[in-house]
Amino acid sequence: GFKAHLVDMINCRDITVGYIVLRNPAAWTLHVNGCKDVIISNLKIMSDWSLMNGDGIDPDGSENVTITNYFGYCGDDGVVVKTTGRAGQKKPTRNIYVRNSVVMSWKTALKLGTESRSDISNVIFENIDVIHSGRGLALWMKDGASFKNITFRNIRMDLFENNDGDKSGQPIYLT
């Protein structure tokens, strides 16, 4: 069956989220879908590592999203930039800035795609500690969109190999 996201922000504008702790989602924790001008700061996410699909933050079909001082302990991907087309939001994702954060993930700490049904551009991941994670960075271009101007800068990684097949323990994964 369908597992609900803990927080779904749909078609929001000029939103600030911060100074809260989100715990134990059934699926994605914070889904930013079709939003514009979003600031996420000083957010902590704590999820169950045995839960499949327990993403941290998912900017999706959104633009001008800034994520700073984030701590994510995520059962799936820590931050994953997507274009799913959900809720009628088949729009590009652009101008996503993730900075000064710490991410722990059973799967991939910092990711673009899996769902990439529209273009993704102008994404910066900067000054991030990826600790005790199954994979560091990943670009999953599977649905025909293009990725442009993607920057990973000053990313420090401590990875481990889990039982997730041959993709585990890789600092960078491209498909």
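Predicted model: local features only at pLDDT ≥ 70, side-chain atom pairs only at ≥ 80, totals over all residues.
Biologist: How do the residues of the lining of the largest pocket divide into nonpolar, polar and charged?

Modeller: There are 2 nonpolar, 2 polar and 9 charged residues in that lining. Residues are numbered from 1 along each chain as its sequence is written, and side-chain values use heavy atoms, with hydrogens and water left out.

Biologist: What makes a set of points a pocket and not a cavity?

Modeller: Both are found on a 1 Å grid over the protein atoms alone; in a cavity a 1.4 Å probe fits but cannot get out, whereas a pocket is an open set with protein on both sides within 12 Å along at least five of seven lines. A lining residue has an atom within 4 Å of a point. The largest pocket here has a volume of about 200 Å³. Of its 13 lining residues, those closest to the centre are Asn53, Asp55, Asp76, Asp77 and Lys111. The volume is the space filled by probe spheres set on the points, with grid points joined across faces, edges and corners.

Biologist: Which strand gives the most to the lining of the largest pocket?

Modeller: Strand S10, residues 108-116, gives 3 residues. Strands (E, at least two residues) and helices (H or I, at least four) are DSSP runs, numbered from the N terminus. Lys111 belongs to strand S10.

Biologist: Why is Lys111 called buried?

Modeller: Buried means under 20% relative accessible area, exposed means over 50%, and partly exposed is in between, with a 1.4 Å probe and protein chains only. Lys111 has 7%, so Lys111 is buried. Contact means heavy atoms within 4.5 Å. Leaving out residues up to four places away in sequence, Lys111 touches Asp77, Val79, Val80, Val81, Phe125, Ala138 and Trp140.

Biologist: What makes a set of residues a nonpolar core?

Modeller: The residues must be buried, be of the types Ala, Val, Leu, Ile, Met, Phe, Trp, Tyr or Cys, and be joined through side-chain atoms within 4.5 Å. The largest such core has 33 residues, and Ile40, Tyr70, Leu110 and Phe125 have the most contacts inside it. Strand S11, residues 120-133, supplies the largest share of this core, 5 residues. Beyond four places in sequence, the contacts of Phe125 include Val98, Leu110, Lys111 and Ile155. In soluble globular proteins, nonpolar side chains tend to be buried together.

Biologist: How do you know that Cys12 and Cys35 are too far apart for a bond?

Modeller: A disulfide is a pair of cysteine sulfur atoms within 2.5 Å. The sulfur of Cys12 is 4.2 Å from that of Cys35, its closest cysteine sulfur, so the pair is too far apart for a bond. Cys35 is therefore in no disulfide. A search of the whole structure finds 0 disulfides.

Biologist: Is Cys35 buried or exposed?

Modeller: Cys35 has 2% relative accessibility and counts as buried. Cys35 lies in the loop between strand S3 (30-33) and strand S4 (36-46).

Biologist: What makes the phi of Asp14 stand out?

Modeller: Most residues other than glycine have a negative phi. Asp14 is not a glycine, yet has a positive phi of about 55 degrees. Asp14 is in strand S2, residues 13-23, and counts as exposed at 61% relative accessibility. Asn24 also has a positive phi, near 50 degrees, and is placed in the loop between S2 and S3.

Notes. Nonpolar A, V, L, I, M, F, W, Y, C, P; charged D, E, K, R; others polar.
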